[in-house]
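Please look over the fold of this protein chain. The report below starts with the terms and then goes from the whole chain to its parts.

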Amino acid sequence: MIASPDDVLDALDPEQRRVAEAVDGAVCVLAGAGTGKTRAITHRIAYGVLSGAMQPGQTLAVTFTARAAGELRGRLRDLGVPGVQARTFHSAALRQLSYFWPKVFGGPPPQLVETKIMLVRDAVAHCRLRADRAELRDITGEIEWAKATQTAPDDYPGAVLAAGRKPPRAAAEIAHVYAAYEKIKSGKGRMDFEDVLLLTIGLLDERPEVREAVQAQYRHFTVDEYQDVNPLQQRLLDLWSTGARSLCVVGDASQTIYSFTGATPAYLLGFRRRHPDAKLVELVRDYRSTPQVVGLANRLLARAGGEAAKHRLQLISQRGTGPEPDFVEHADEQAEAESTAKRIRALIDDGVRPAEIAVLFRTNAQSESYEQALADQSVAYLLKGAERFFERPEIRQAMGFLRAHAISGGTDAEAGPLAAEVRAVLGGTGWSAEPPAGSGQARETWESVAALVRLAEEFAVKRPQASLRDFTVELAERASAQHAPTVEGVTLASLHAAKGLEWDAVFLVGLNEGMMPISYADTPDKIEEERRLLYVGVTRARERLTLSWSLARTPGGRGRTASRFLDGLRGPDGGRGVGSARPDAYRSPGTGASPGGVVRPRRKVGPVRCRVCARALQDAAERKIGRCLDCPSDVDEFLLGQLREWRLRRADEHSQPAFVVFTDATLTAIAETRPLNERQLAAIPGVSRTKLERFGDDVLALCAGHDLAIEPDPDDYGHIPEVEQDLESAIEDAPDGG
C-alpha cells in the first residue's frame, strides 16, 4: 500500500505525474492504448486524497462497465483510499434515484426491468406487427439508441435519416413500436436502464433541492473511457459537475468503436472548448506493446481520416524489441483457420500459456472454423462475448430442422446436391440467401446460419456423394468437439469484445475486404470506425501479432482481396508465401530459437502430396489422411482396430473424448503408413510434437505388432476438458428444434 503523496508521484512517469498533480479544475487526458490511463487517474485520486485536496466521500469516478468500475475500486484500495466511489453511470444514477425519489414523491421509484425484450414483444403485438427474436433484439437496440440520443418516438424517423442509420425495419414502424413500448412500460410502473438516467436528470433538473444536495455531496469527478459517452450520459454529467472543484476526463478518440450505440468522441474532442481553462495532458508512452506492434498501430492510424484522426496520438513503446508482425495470406478460409491453430499449438508447445493467446475476428459468425481447428489441435479455448457456435439458438434450431429432414427422408427431388438441399431446408425456416438490412442481431443470426450453409458447401466438395444424413452426422461430431468445457484456454473473441483486454500473442484473422471493413460500412465515417476497430485489435498484442486473410472462401475458389487497411503496412513480399506451412515461424528476438531456447527444425515448405498418386492435396480431409479420398487405401484393418481400442482406453482412463488422443483421420493415416520410427510417425498429419512425446512409443509398438498393457499416466490430459456426448451417438442426441 502506498502511504504518502510522494510515494504516489514517484510511481509515475512525467506525463502521468502531470495528471496526478492536476487535482483542481478541469483536466483532459488523451491516453493512447497501453499508456497507463487507469494508473494515471487512480494515482491522481489517491494523490488528491492523501494530500488533502480531495475528500474520499466527495469523490466519484465513473466508467462504463461493472468490470472497469471494480478495477478502479480495487486499485484505489491498494493505494490506500478505499472510501472513493467508483461506479458505472447507471449504478451511480440508480443510487441517487433510489435515495431521492421517496423523499420527493413519497414512494419507491418505478421497478427496474432487467431486459426490455418482453416489453418490446408486447409493443410489437400491440402494433399488430410480427418479429422473431433476432428482430426483437434489433428493435430493442434502436429504442436504446433513440433514448441514449434523447430522441422521442415522433422524432425517430428524422433522427435516423440525419444520422445515416439503417434501421432493421421501416423507421415509421419502429417509431410506432417505440411509442407503444413507452406507454406499456409506464402503465406497468416499470423503468428501463435509460430511464434510470432520464429520471435522475429530471430530478436534478426540476428539483433544486436535489441538485444542490448532489452537487454538495460530490465535488470531484473522474470519467474513464470518455470517448464512449453518449448525449444522455453527458447531460447527467453536466448536472452532476456544475460547480465542482475538479473534473478529469480520460479517453482516446482513436478507440471510439461504439458509435452505433450513440457513443461519440465529440465530447472528448470538444472538452477544452467547453472548459477553456482545462489542462491537457497526452499519454503516449506505451507500456503494453513492443516497438514493432506500436509501429504498426501508428502506421495504421497515419492513413485515417475524419475528426478523430486529427487528434490521433503517436505512441512510443517503452518495451524491448520483439518480433515483427506477421502478415499471412492463405488460399482459403479453412487453410487460414488450420494454419492459425497450428501456430497456436506451436506457441503453446514452446511454453506460451493458452490464456495469453487470442484469436480476434470481426463477427461472431467467424468463430466456428477456429473452434473446430483448435479442437483438432487439442487446444482448449474460451469464446468471449458470444455463445459457442453450435450452442447458438439459431444453429440449434437449424440443425434440428436438418436432422428431422434427414430422418424423414423428405428430400426434395428438385433440391439437387447436398448444399442446395441444405439451403432449401433452411429456406423453409425463413432463412434466405440475401442478408437482412442493418447490422444488428438479425444480421448476426443470418451470418451464423450462412456459416452453416458454407459448411455444407465445403462438406459437399470433400464428399460429393454425401447425403443430408452424412452432413448431420458431421455437424454432430463438430458440435461434440466444440462443446467441451474449458478452465483455461485460448481466447476467441470479436474485436468489439476484446476492447480493454490484452494478450502476449494476438491473431487478427479474416482481414478481407467485406469483412474488414465490414460490407455494410457504407459511409466514410463508418469506414473510419472500422479502421479504429482494427487499431483496437492491433493494440491488444503485447509481443506477437499475426494478421491474416484468405484469397477464397472455399478450397479452389478465388476473388477475395486483403483489407484496404493493410495497404502500406505489409513488407515487400506483401505476406505472400508466408502461410500455413510455417507454424514454427515465431522466434525469440535476435535468435533462431524458440522462447524456451530450443532450436526447432524448420518444417519443409511446400504442398502436402498424396502418398499414392503424388498429387498436391488441397482438401483438409485429404491432407489429414495424406492421400486423395478416391485413391485406393491399403489400410491395415487389424492395426486400425488395435489403434482404436488403444485410443478408447487412453481416453476412458481420463474421461476424455477419443478425438483428443488422435482423430479418426490420423489413426487411418497411421494404419496405412505403418511408421517404423519417430521420424516417420511425426510426418503424419495430426501427430504434433506433444502427441509424439506422449503417445509415440505406444503407437510405434502397436505398428511393430506388440500388444500393450496400458498403465494410466496421471499427467496425460490433465488439462484437456471433458465432453458429455460420445461422438458415435451425437446424431441421436442432436437438438430437434429451437
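Helices (H or I, at least four residues) and strands (E, at least two) are DSSP runs, numbered from the N terminus. Thr151 lies in the loop between two such helices, α7 (133-148) and α8 (156-163). This is a predicted model, in which local features need pLDDT of at least 70 and side-chain atom pairs count only at pLDDT 80 or more, while totals for chains, interfaces and linings use all residues. Residues are numbered from 1 along each chain as its sequence is written, and side-chain values use heavy atoms, with hydrogens and water left out.

**The whole chain**

The protein chain holds 28 helices and 16 strands. Of its 738 residues, 55% are buried. Buried means under 20% relative accessible area, exposed over 50%, and partly exposed in between (1.4 Å probe, protein chains only). The accessible surface comes to about 31800 Å²; the Shrake-Rupley method with a 1.4 Å probe gives this area. Carbon and sulfur atoms own 50% of that surface. Contact means heavy atoms within 4.5 Å. Among contacts with a separation of 6 or more, 76% join residues 24 or more positions apart.

**The open sheet**

Strands of a sheet pair through backbone hydrogen bonds, either parallel or antiparallel. Here, two strands pair if DSSP finds at least two bridges between them. Six strands form an open sheet in the order β3-β2-β6-β7-β1-β8, and the pairing is parallel. Its edge strands, β3 (85-88) and β8 (279-283), each pair on one side only. From one strand to the next, the twist averages 15°.

Axes are lines fitted to C-alpha atoms, for helices over the stretch in contact, and angles run from 0 to 180 degrees between N-to-C directions.

| Helix | Strands it meets | Angle |
|---|---|---|
| α2 (residues 14-21) | β1 (25-31) and β8 | about 150° to β8 |

Strand β2 (residues 59-63) and β3 pair over four bridges. In β3, Thr88 is the bridge partner of Thr63.

**Helix α4**

Helix α4 (residues 66-78) has 13 residues. From its first C-alpha to its last, α4 reaches 18 Å, close to the 18 Å expected at 1.5 Å a residue. That expected span is 1.5 Å times one less than the number of residues. Its buried residues are Ala68, Ala69, Leu72, Gly74 and Leu76. Their cover includes α3 (37-50), β2 and β3. Just after α4, Gly80 takes a positive phi of about 90°.

**Around Thr151**

Is Thr151 buried or exposed? Thr151 is buried, because its relative accessible area is 11%. Leaving aside neighbours within four places in sequence, Thr151 is in contact with Ala146, Tyr156, Ala159 and Tyr178.

α7 packs against helix α9 (residues 171-187) at an angle of about 80°, with the axes 10 Å apart. α7 and α9 are therefore roughly perpendicular. That label covers 65 to 115 degrees; under 35 counts as roughly parallel, over 145 as roughly antiparallel, and the rest as oblique. Ala146 is one of the α7 residues that meet α9, and Tyr178 is one of the α9 residues that meet α7.

**Strand β11**

In strand β11 (residues 326-330), five of its five residues are buried. Asp326, Val328 and His330 point one way, and Phe327 and Glu329 the other way. β11 pairs with strand β16 (residues 541-550) in the parallel sense over five bridges. The bridge partner of Asp326 in β16 is Thr546.
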